[in-house]
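This report looks at the pockets and the nonpolar cores of one protein model.

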Amino acid sequence: GGQQQRVALARALVIRPDVVLLDEPLSNLDAGLRIEMRKEIHRIHQELGITMVYVTHDQKEALSLASRVGLMHRGVLSQVAPPDEIYQNPNATFVARFVGETNLLSGRVKTATRTELVVVTAAGLIACPADRAVRNFAAGDAVDVSIRPEGLAFGTGEPGANLWPCFVVESTYLGEVIQVVCRAEETVLRLTALNPAGSHPHPGERRMLSLNPAHIRIMSQERGE
């Protein structure tokens with residue numbers, strides 16, 4: 001398994017090129033072999049220090065192998081940055097939606113200061129530091145809000161900014177994580193908790209949903225995406 005890919009890579013590297021282009025090299029392999037070959041390519045890259053341009057539609061391949069990731073949308077590079085920057089600080093709605101899972105909400109800026117943005121959404125009020133926005137916004141601006149599933153948790157307290165009443169729609173226990181689908185007003189949101197302890201939420205339960213501002217990204221609203 002993977003021998004054809006190994007031979008092709010060896011032939012490309014034997015002449016010591018300055019740059020190697022890998023165009024979907026693992027697309028024909030099953031999941032287990034893809035992981036094995038991904039590790040092999042990463043090891044070779046680290047040992048030889050050769051620049052590799054790796055073309056893939058597999059996000060895990062891109063995030064695990066690349067020192068810099070470029071995302072193309074409609075023939076244009078939307079963002080070029082290290083993998084963690086792409087994931088944590090997407091500069092556009094397309095990037096936030098394409099890389100990893102996210103909860104994407106439409107909203108409108110209620111107040112904007114040098115230090116904080118407050119956004120009204122159908123699910124509830126969001127408050128976050130101004131540096132979580134891709135640019136300076138003004139009151140009344142239409143925006144898209146990206147909230148990663150790991151940025152949501154169940155909390156306690158009175159409803160308000162970053163704390164919304166919701167009810168549990170679905171709960172899936174996966175051992176190391178639990179994935180929960182809940183509904184705040186009419187907005188469906190997905191939550192992921194690592195190593196959940198204690199009782200797990202059950203469908204129909206009413207909870208308070210807490211938002212971590214560090215996992216929020218405010219972007220210009222894009223239409224027709």
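A nonpolar core is a set of buried Ala, Val, Leu, Ile, Met, Phe, Trp, Tyr and Cys residues joined through side-chain atoms within 4.5 Å, where buried means under 20% relative accessible area with a 1.4 Å probe and protein chains only. The model is predicted, so local features need pLDDT of at least 70 and side-chain atom pairs count only at pLDDT 80 or more, while totals for chains, interfaces and linings use all residues. Residues are numbered from 1 along each chain as its sequence is written, and side-chain values use heavy atoms, without hydrogens and water.

The largest nonpolar core has 26 residues, and those with the most contacts inside it are Ile126, Val145, Ile147, Trp164, Leu189, Ile216 and Ile218. Strand β11 (residues 177-184) gives this core its largest share, four residues. Another core, of 14 residues, lies apart from it and includes Val20, Leu22, Met37 and Ile44.

A pocket is an open set of points on a 1 Å grid, where a 1.4 Å probe fits, with protein on both sides within 12 Å along at least five of seven lines, and its lining residues have an atom within 4 Å of a point.

| Largest | about 800 Å³ | Tyr54, Val55, Arg68, Val69, Gly70 |

The lining of the largest pocket draws at least two residues from each of α2 (31-48), β2 (51-55), α3 (59-65), β3 (69-73) and α5 (93-98). For the second largest pocket, α1 supplies the largest share of the lining, five residues.

Methods: Grid points are joined across faces, edges and corners, and a volume is the space filled by probe spheres set on the points. Buried means under 20% relative accessible area, exposed over 50%, partly exposed in between (1.4 Å probe, protein chains only).
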